[in-house]
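Here is a short walk through one protein model. Keep the sequence and the 3D view side by side as you read.

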Amino acid sequence: MGNASGSDRALLAKLSRAAKGGLLSVVDAAAAIGISRTAAAMKLASLTRRGWLVRARRGLYLIPPLEAEPGKPSVAEDPWIVAREAFSPCYIGGWSAAEHWGLTEQLFRGTLVVTAAHVRSRSRKLLEHEFRLFRVAADRIAGGVTPVWRGAERVLVSSRERTIVDCLRNPELCGGIRHLADMLEEYGRAPERDFKKLLAEAEGFASGAAWKRLGHLAELLWPGERAITEEATRRLTAGYSRLDPAVRRRGRLVRRWRLWVNVSVGTGGAS
């Protein structure tokens with residue numbers, strides 16, 4: 001970093017107070033120092049050239065701690081806060097939410113973000129953190145998510161039930177149907193389980209294929225929860241779906257659920 005004048009230090013102090021988890025947007029910078037967004041963007045670019053800020057992406061900057069070692073990559077402490085600032089409107093979902101709620105012990109690479117923002121790629125690396133991005137309609141961001149504290153900042157994460165429903169819609173969000181089955185087993189054992197809440201979440205956000213997967217997996221893993229299989233039966237849609245859409249083979253057809261069971265799950269899956 002270069003030497004900062006007194007005015008620069010005062011400016012950096014103001015910007016630091018406006019930052020969220022060390023991250024600063026052009027919009028927040030403009031509000032903090034009372035100038036236009038264009039002028040704020042120019043000031044942030046100037047500070048970046050002189051080494052006082054690190055550009056995360058267009059319009060978003062990291063304010064490194066003063067003790068940061070020169071020449072080393074700057075890393076934001078919390079990838080969840082980076083995700084919130086970079087991909088809003090969004091929530092932390094899929095395998096990352098499952099890890100948060102203790103539904104899986106699997107270790108996944110990168111933070112999974114469900115976002116309604118326009119993103120060009122499904123994988124991004126920002127400030128030395130990796131992100132897997134799944135784009136959805138804006139109305140899928142509302143409901144079924146809860147704010148959690150990450151230090152002094154709050155970040156939205158899908159609830160246990162919303163995480164399961166999202167993964168029933170798209171098993172890729174949790175690394176495939178086998179991991180989803182493990183999550184369901186863990187959910188069924190957890191004292192926090194709430195099958196009524198799970199059904200309510202499914203009623204709001206499950207697709208036809210998700211209901212088929214839920215009915216089949218609930219029958220295998222939660223045989224005592226007849227309310228779930230009965231509701232899934234009522235909501236059966238026409239056509240046939242694959243248990244794991246990422247697996248090309250059809251497997252065996254389970255007509256009761258209009259489902260091609262193409263992956264082994266517990267004792268009732270395909271061979």
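Two residues are in contact when heavy atoms of theirs lie within 4.5 Å. Take the contacts in this protein between residues at least 6 apart in sequence: 54% of them join residues at least 24 apart. The model is a predicted one.

Start with the whole. The protein has 271 residues, and 48% of them count as buried. Its C-alpha atoms fill a box of roughly 75 × 35 × 30 Å along the principal axes. Ten helices and twelve strands make up the list of elements.

Now go to a sheet. Three strands form an open sheet in the order β1-β3-β2, and the pairing is antiparallel. β1 (23-25) and β2 (54-57) are the edge strands, each pairing on one side only. On average, neighbouring strands of this sheet are turned by 35 degrees against each other, direction ignored. β2 and β3 (residues 60-62) run antiparallel and are joined by three bridges.

Next comes a hairpin. Strand β8 (residues 145-150) and strand β9 (residues 153-158) run antiparallel, with six bridges between them. Trp-149 has Arg-154 as its bridge partner in β9. Two residues lie between the strands of this hairpin, and Gly-151 takes a positive phi near 70 degrees.

Then look at a pair of helices. Two packed helices are described by the angle between their axes and the distance between the axes. For helix α6 (residues 160-169) and helix α7 (residues 177-189), the angle is about 155 degrees and the axes are 11 Å apart. Angles over 145 degrees count as roughly antiparallel, and α6 and α7 are therefore roughly antiparallel to each other. The crossing of α6 past α7 is left-handed. On the α6 side, the contact is made by Arg-160, Glu-161, Thr-163, Ile-164, Cys-167 and Leu-168. On the α7 side, Leu-180, Met-183, Leu-184 and Tyr-187 take part.

Finish with a single residue. Glu-201 sits in helix α8 (residues 195-205). Is Glu-201 buried or exposed? Its relative accessibility is 10%, so Glu-201 counts as buried. Leaving out residues up to four places away in sequence, Glu-201 touches Gly-143, Gly-144, Glu-161, Arg-162, Val-165 and Ala-206. One of these, Glu-161, also takes part in the contact between α6 and α7.

Conventions:
Residues are numbered from 1 along each chain as its sequence is written. This is a predicted model: local features need pLDDT of at least 70, side-chain atom pairs count only at pLDDT 80 or more; totals for chains, interfaces and linings use all residues. Side-chain values use heavy atoms; hydrogens and water are left out. Two strands pair if DSSP finds at least two bridges between them. Helices (H or I, at least four residues) and strands (E, at least two) are DSSP runs, numbered from the N terminus. Axes are lines fitted to C-alpha atoms, for helices over the stretch in contact, and angles run from 0 to 180 degrees between N-to-C directions. Buried means under 20% relative accessible area, exposed over 50%, partly exposed in between (1.4 Å probe, protein chains only). Angles under 35 degrees count as roughly parallel, over 145 as roughly antiparallel, 65 to 115 as roughly perpendicular and the rest as oblique. A crossing is left-handed if the near helix is turned anticlockwise from the far one by less than a right angle, and right-handed if clockwise.
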